[in-house]
Amino acid sequence: MKNKIFINSIGTVLLAGAMVSCSSDYLDLSPETDIPTEDIASDVTSLRSATYGLFGNMYRQYSNLYDYRWFNGEPWLSMFYGEVPGQDYICYFWINSHRQVVNWEVMKDRNSNPNYIAWTYAYGIVGTANTLIAGTSNVEELDEEMKFRRAQCLTMRAHAYTRLLQIYGPRWTDSNNGEMLCIPLRLEPADVNGETGCPLSSMKDVMAAIYNDLDEAIALFESTPSMGRTYEWETDIDVARGLYARAAMLKNDYVTAQKMAHDARAGYSIMTADEYQSGFAIPNGEWMWASQTGPAGIYYASFGASYACNGAYPTLWGSIGAGAIDVDLYRQLSPYDTRRQLFFTYDKGGLYLGAEDFYKTKNCNSASMNINRGDIKPQLLTFIQNQYNRLGAPNGWNPPYVSPTTGEVVQLVQYGAQFKFWGIDSYSSSQFPYMRASEMLYIEAEAAFYNGDESTALTLLNQMNQARCSRYRPSTASGEALLNEIKISKRIELWGEGFSWFDMKRRGETMVRKPWVENDQTSGNWPSSMTSGDYSPESHNGWRWVIPDAEFQYNNMINYTELNYNE
């Protein structure tokens with residue numbers, strides 16, 4: 001019984017302990033117990049519970065980080081690191097309250113919470129996974145479910161290290177073929193005698209560890225054919241292959257990426273146009289991996305509460321909005337693309353409103369991009385009602401950007417406001433897609449291009465665009481034009497799902513935000529205060545968030561100079 005209680009507590013307690021301190025127990029990766037790790041596999045029910053606890057850490061409320069817009073794990077991390085500092089997603093909450101995140105100032109601040117959050121979150125997953133992996137090392141003696149759970153834990157550890165490389169690691173092209181030091185590689189439970197040191201490892205060694213974990217995980221999944229996941233928030237063989245594809249792209253290993261992405265999405269269909277417009281709140285046949293359902297103790301820290309168009313905070317606090325698309329990206333959509341219907345832009349005004357009206361100060365606030373005013377407001381009201389009616393006004397889904405108490409449109413709705421993400425109950429709960437078949441299709445297409453297989457790349461691009469555009473004429477592009485079409489299509493398809501900034505970093509592209517300029521219909525929709533700065537590939541240490549100071553205080557085997565930061 002003692003062992004069972006211990007195991008059940010691992011998933012929920014272990015990361016919590018890591019999150020609350022910056023002192024010597026900053027990364028307490030091992031539970032304080034006298035139960036040996038080899039006893040973990042003595043009870044399959046306990047192992048299953050502990051593994052579920054590991055998944056639970058991906059989406060729960062972390063109250064000590066409440067100030068940073070309700071940090072809740074993976075959905076928040078995807079939005080915060082993958083979208084907020086990027087070019088395609090404009091969020092007034094972050095611009096107004098934490099603009100140093102949007103303009104990248106905090107990326108060089110070793111003592112900032114944003115640098116600390118992802119580091120602690122990912123290593124918390126690593127720590128829990130290490131304990132469970134070490135406890136199931138006697139693989140030949142494990143029964144089928146235990147092997148399946150071990151595979152899930154290996155997959156989660158690989159996911160956590162991929163996240164760390166995306167945020168804190170260099171680009172492969174900048175890493176001296178992987179020789180550059182980047183992060184500590186922790187693959188064992190923390191030393192029970194209190195040893196805390198762990199040297200920095202090279203990007204090559206971290207990538208090798210990710211590949212090894214996923215190779216073993218896939219082999220274990222294949223060896224347990226009668227097993228399968230019960231919930232969409234668990235990992236399985238398809239998720240493992242999808243994570244392998246993501247990691248391979250970080251290494252510019254395009255042969256592996258193309259194969260893994262292709263295999264990962266087998267059996268999943270690309271969602272229809274109607275499914276794409278259904279609210280992104282409930283998984284459909286394309287979603288491969290998603291967050292948990294319902295409030296589940298997370299309540300107003302749920303993703304939808306802050307980022308759904310009908311979320312609790314965009315409607316109760318009418319001064320934050322729910323995010324908007326970069327109009328320069330939007331302009332690259334075909335007029336017949338179904339995804340156009342999910343954003344309020346200049347082409348939604350009907351006969352009495354033109355693009356020029358979105359570039360007048362009486363209609364658009366230059367500091368916030370608020371268009372809930374002037375001549376635009378009547379068209380906005382109509383669009384809001386149409387969006388709600390299009391979904392069938394479902395019970396429990398509030399109208400977007402409308403106060404539930406007054407019935408009035410709230411104070412702020414941004415130019416380009418999104419109607420993609422919705423909440424489905426009083427807490428605006430919704431599930432967030434961690435992985436979709438569309439992402440895998442784009443990885444396969446991009447990797448095929450780099451592999452010299454332009455025919456496959458073009459076929460995949462046309463397949464996706466035909467599913468989104470009612471009058472789509474198949475592309476015949478080749479060379480850089482084909483690659484550019486793949487990039488643009490992916491940015492639009494996966495908008496707001498946490499990929500834009502990571503992809504631009506990986507490719508070494510320069511980010512450009514075009515400011516809103518009065519009476520200039522060719523200008524953008526970014527507040528001018530957010531458009532200056534150096535966002536070239538070389539800036540900010542090659543787009544590397546600095547390792548938090550807490551790690552250097554805790555870890556006696558690394559020093560700051562090893563990382564070659566150029567601040």
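**View 1. The whole chain in a predicted model.** The secondary structure comes to 21 helices and six strands. The chain has 567 residues, and 63% of them count as buried. Take the contacts between residues at least 6 apart in sequence: 75% of these join residues at least 24 apart.

**View 2. Helix H8, residues 203-222.** This helix has 20 residues. At 1.5 Å a residue, they should span 28 Å.

**View 3. The buried residues of H8 and their cover.** Buried residues in H8 include Met203, Val206, Met207, Ala209, Ile210 and Tyr211. Further along H8, Asp213, Leu214, Ala217, Ile218, Leu220 and Phe221 are buried too. Three helices are part of the cover: H7 (144-168), H9 (237-250) and H10 (254-264). Strands E2 (181-184) and E3 (200-202) also belong to it.

**View 4. Asn555, in the segment after helix H21.** Helix H21 covers residues 549-554, and Asn555 comes in the segment after it. Is Asn555 buried or exposed? Its relative accessible area is 1%, under the 20% cut-off, so Asn555 is buried. The side chain of Asn555 reaches the backbone nitrogen of Met557 at 3.0 Å.

**View 5. Asn555 and Pro199.** In sequence, these two residues are 356 residues apart. In space, Asn555 and Pro199 are 8.1 Å apart, C-alpha to C-alpha.

How values were computed: Residues are numbered from 1 along each chain as its sequence is written. This is a predicted model: local features need pLDDT of at least 70, side-chain atom pairs count only at pLDDT 80 or more; totals for chains, interfaces and linings use all residues. Side-chain values use heavy atoms; hydrogens and water are left out. Helices (H or I, at least four residues) and strands (E, at least two) are DSSP runs, numbered from the N terminus. Buried means under 20% relative accessible area, exposed over 50%, partly exposed in between (1.4 Å probe, protein chains only). A polar contact is a pair of N or O atoms within 3.5 Å; within protein, one must be able to donate a hydrogen and the other to accept it, and residues adjacent in sequence count only if both atoms are side-chain atoms. The expected span of a helix is 1.5 Å times one less than its number of residues. Contact means heavy atoms within 4.5 Å.
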